[in-house]
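Open the model in your viewer and keep the sequence panel beside it.

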Amino acid sequence: MDFRIIGMDSPLFSTLQHMMDTSEDTDKSYNAPTRTFVRDAKAMAATPADVKEYPNSYVFVIDMPGLKSGDIKVQVEDDNVLTISGERKRDEEKEGAKYVRMERRVGKFMRKFVLPENANTDSISAVCQDGVLTVTVEKLPPPEPKKPKTVEVKIA
């Protein structure tokens with residue numbers, strides 16, 4: 001690839017050209033994403049969520065029609081990453097029946113949210129009602145303002 005078009009001979013473009021040239025020479029499998037990464041990325045892209053902030057909490061709302069509470073997992077990873085995941089399985093086919101159209105999403109779903117510093121990860125609740133999962137993360141109380149420290153002045 002050659003960027004020697006007018007204005008394309010800057011150091012930036014020569015660096016980009018070098019990076020592109022060397023990437024063609026390297027082993028393709030080294031740069032390829034893992035199957036788990038691709039699966040997780042698809043699951044996250046296909047799981048829309050609403051996030052609301054209230055004075056005392058953060059609320060995450062995700063549609064989960066047809067799922068039981070045992071199919072949904074809510075976790076906190078690395079002390080501040082809220083992970084909501086699960087799997088919707090295909091209904092077992094009955095003998096003699098075949099799908100004419102299959103549009104409902106099946107498979108894994110997942111969303112990860114980095115929680116702010118004032119999120120209380122010890123106070124999280126999750127409720128699934130009418131196919132809507134609501135996860136509430138309480139906020140930590142604001143730190144009390146530090147009182148000035150009085151130092152006694154001694155006479156020498």
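**Before you start**

This is a predicted model: local features need pLDDT of at least 70, side-chain atom pairs count only at pLDDT 80 or more, and totals for chains, interfaces and linings use all residues. Residues are numbered from 1 along each chain as its sequence is written, and side-chain values use heavy atoms, with hydrogens and water left out.

**Stop 1: the whole chain**

Show the protein chain as a cartoon. Its secondary structure comes to 3 helices and 7 strands. Helices (H or I, at least four residues) and strands (E, at least two) are DSSP runs, numbered from the N terminus. Follow the protein chain from the N terminus: the elements run α-α-α-β-β-β-β-β-β-β.

Now colour by accessibility. Of the 156 residues of the protein chain, 21% count as buried. Buried means under 20% relative accessible area, exposed over 50%, and partly exposed in between (1.4 Å probe, protein chains only).

Turn to contacts, which means heavy atoms within 4.5 Å. Among contacts in the protein chain with a separation of 6 or more, 52% come from residues 24 or more positions apart.

**Stop 2: strand β7 and its partners**

Select residues 132–139, strand β7. Two strands pair if DSSP finds at least two bridges between them.

Pick out C128: L133 in β7 stands opposite. Then pick Q129, whose bridge partner in β7 is V132. The hairpin of β6 and β7 has 2 residues between the strands. Click D130 there: its phi is positive, near 50°.

Select I62 and look across to its bridge partner in β7, L133.

**Stop 3**

T134 counts as partly exposed, at 28% relative accessibility. How far apart are T134 and V61 in space, C-alpha to C-alpha? The distance is 4.7 Å, although T134 and V61 are 73 residues apart in sequence. Not counting residues up to four places away in sequence, T134 touches V59, F60, V61, S125, A126 and V127.

Is S57 buried or exposed? S57 is buried, with a relative accessible area of 9%. Leaving aside neighbours within four places in sequence, its contacts are K52, T136, V137, E138 and K139.

**Stop 4: the salt bridges**

Side chains of opposite charge can pair when their charged atoms come close. A salt bridge here is a side-chain nitrogen of Lys or Arg within 4 Å of a carboxyl oxygen of Asp or Glu. The count by this rule comes to 3.

Select E53 and K139. Their closest N and O atoms are 2.6 Å apart. E53 lies in strand β1 (residues 50–53) and K139 in strand β7, so this pair ties together parts that are 86 residues apart in sequence. E53 is exposed, at 54% relative accessible area, whereas K139 is buried, at 17%.

Select E77 and K112. This salt bridge has its closest N and O atoms 3.5 Å apart. E77 lies in strand β3 (residues 72–77) and K112 in strand β5 (residues 107–114), so the pair ties together parts that are 35 residues apart in sequence. E77 is partly exposed, at 27%. K112 is partly exposed, at 37%.

Select E87 and K108. Here the closest N and O atoms are 3.9 Å apart. E87 lies in strand β4 (residues 81–88) and K108 in strand β5, so the pair ties together parts that are 21 residues apart in sequence. E87 is partly exposed, at 32%. K108 is partly exposed, at 39%.

**Stop 5: the largest pocket**

On a 1 Å grid over the protein atoms alone, a pocket is an open set of points where a 1.4 Å probe fits, with protein on both sides within 12 Å along at least five of seven lines; lining residues have an atom within 4 Å of a point.

Select G66, L67, R88, K89 and D91. Of the 13 residues that line the largest pocket, these lie nearest its centre. The pocket holds about 260 Å³ of space. Grid points are joined across faces, edges and corners, and the volume is the space filled by probe spheres set on the points.

Colour the lining by class: 3 residues are nonpolar, 1 is polar and 9 are charged. Ala, Val, Leu, Ile, Met, Phe, Trp, Tyr, Cys and Pro count as nonpolar, Asp, Glu, Lys and Arg as charged, and the others, Gly among them, as polar.
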